[in-house]
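The points below take up confidence, the interface and the cores in turn.

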Amino acid sequence: MATGERRRTELLRGVLDLCLLAVMVEGPAYGYEMTRRLRSRGLSIVGEGSIYPLLGRLERDGLVETYRAASNGGPPRKYYSASDAGRRALAAGVLEWQAARDAVDAVLGPVEAEVEA
Amino acid sequence: MSEFVEECRREWKRLGVPDPLANEMAADLEADLEEAAAEGASAEEVLGSGAFDPRSFAAAWASERGLVRSPRPTPTAAPRRSRAAAVAAAFALIAIVGLMLAVLAVHGSSVKVAVASVGRPGLGVVVPPRLGVVPVPRVVGPRIGVVPGPGARMVVAGGSRLDLRPVGVLLLLVGVVGLLATLLYWAPWARARRLSG
């Protein structure tokens, strides 16, 4: 794996659970539907770990609620939605992400300006 | 059911995931893969890097869901091959040693070192330092000198004879049987039968 890909994987690994909770807040979704929502925002999981183990962990930790329902003309699917605990975890995680992003920006921002100059 | 999902099911069965839950996960996975395929998306877009390793993927999913206490290590191909190769090499070595002993016993009759005087240069046998006892074929014709290498310890077998042929044959048998058993045990079809059973 190239250095760039590896770094992207490492970065994404820490926030993919937040991204899943975020797309669930938009409305209940089954596994592939979440993949589709992420992809529509430019976030492809190709080359990353799968979302299924992550969904399993969110379920085990009580951060999501699940139910089975028929999908559009397809077989019954397992739908996931963020629980109250999941929404609180998402809010806290977003704050942590923003703080981390701002701190990294403060360090890398000037470097980017120097490279461009 | 796709081959990937079948492989996952086998892994869940191996890990002891209850059937209803394994069926549920398999059905969800199958439906997602079919939907993705219908849209022209690859399995990797659904499964990420897990698309290349169904057993690890299945174990990780079951573990994260709390369906198994901790993922039992999935024997991967490389360590399995190296372990099989090591065992096979050990048995092969035993067989070779047995064969050598048997041949020596037939052609040399004994390990008696009867000639220790240094003969003419060029006829000496240099004994490696680590060898304590050196089997030397019985010499009928010209005398052969045995020249110990640096640090070697010469042991002269004072005329007593030890028939190594039974030992050699026994080692040869153990080596060959062990080698065959190793090859049969680690053969891909035999492993597949054990895992599916």
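1. A residue is counted as buried here if 20 or more other C-beta atoms lie within 10 Å of its own. By that criterion, 22% of the 197 residues of chain B are buried. The model is a predicted one, and the values given in this note should be read accordingly.

2. Confidence for the complex as a whole is expressed by an ipTM of 0.83 and a pTM of 0.57, both from the predictor. For chain B, the average pLDDT is 73, and 60% of the residues score at least 70. Among the elements of this chain, α1(B) has the highest mean pLDDT, 93, whereas strand β1 (residues 125-127) of chain B has the lowest, 50.

3. Two stretches of chain B call for separate mention. Over residues 110-124 of chain B, pLDDT stays under 50, and the model has 36 contacts beyond four places in sequence for this stretch.

4. Chain B contains seven helices and two strands. Read from the N terminus, its elements follow the order α-α-α-α-α-β-β-α-α. Of the contacts in chain B between residues at least 6 apart in sequence, 65% join residues at least 24 apart.

5. The interface between the chains brings 21 residues of chain A into contact with 19 residues of chain B. On the chain A side, α3 (31-40), α4 and β2 (76-82) each supply at least two residues. The most come from α4(A), which gives seven. By type, the residues on the side of chain A that touches chain B are seven nonpolar, eight polar and six charged.

6. How do the two α4 helices pack against each other, and at what angle? Helix α4 (residues 51-60) of chain A and helix α4 (residues 54-64) of chain B have axes 7 Å apart, at an angle of about 10°. Angles under 35 degrees count as roughly parallel, and α4(A) and α4(B) are therefore roughly parallel to each other. From α4(A), the contact is made by Y52(A), P53(A), L54(A), G56(A), R57(A) and R60(A); from α4(B), by A60(B), W61(B) and E64(B). These residues divide into five nonpolar, one polar and three charged.

7. In soluble globular proteins, nonpolar side chains tend to be buried together. Here the largest nonpolar core has 37 residues, and those with the most contacts inside it are L20(A), M24(A), I51(A), L55(A), A58(B) and W61(B). Two or more residues of this core come from each of α2 (16-25), α3, α4 and β2 of chain A, and from each of α1 (3-15), α2 (19-38), α3 (43-47) and α4 of chain B. Leaving out residues up to four places away in sequence, L55(A) touches L20(A), G31(A) and Y80(A). A second, separate core has six residues, including I94(B), L101(B), A105(B) and L164(B).

8. A41(B) lies in the loop between α2 and α3 of chain B. Is A41(B) buried or partly exposed? Because a buried residue needs 20 or more C-beta neighbours within 10 Å, A41(B), with 19 inside that distance, counts as partly exposed. Beyond its neighbours within four places in sequence, A41(B) is in contact with A36(B) and V46(B).

Technical notes
Residues are numbered from 1 along each chain as its sequence is written. Chains are lettered from A and ligands numbered from 1 in the order in which they are written. This is a predicted model: local features need pLDDT of at least 70, side-chain atom pairs count only at pLDDT 80 or more; totals for chains, interfaces and linings use all residues. Axes are lines fitted to C-alpha atoms, for helices over the stretch in contact, and angles run from 0 to 180 degrees between N-to-C directions. Helices (H or I, at least four residues) and strands (E, at least two) are DSSP runs, numbered from the N terminus. Angles under 35 degrees count as roughly parallel, over 145 as roughly antiparallel, 65 to 115 as roughly perpendicular and the rest as oblique. Two residues are in contact if their C-beta atoms, placed from the backbone, lie within 7 Å. Ala, Val, Leu, Ile, Met, Phe, Trp, Tyr, Cys and Pro count as nonpolar, Asp, Glu, Lys and Arg as charged, and the others, Gly among them, as polar. A nonpolar core is a set of buried Ala, Val, Leu, Ile, Met, Phe, Trp, Tyr and Cys residues joined through C-beta atoms within 7 Å. A residue is buried if 20 or more other C-beta atoms lie within 10 Å of its own, exposed if 12 or fewer, and partly exposed in between; C-beta atoms are placed from the backbone. pLDDT is the predictor's confidence in each residue, from 0 to 100.
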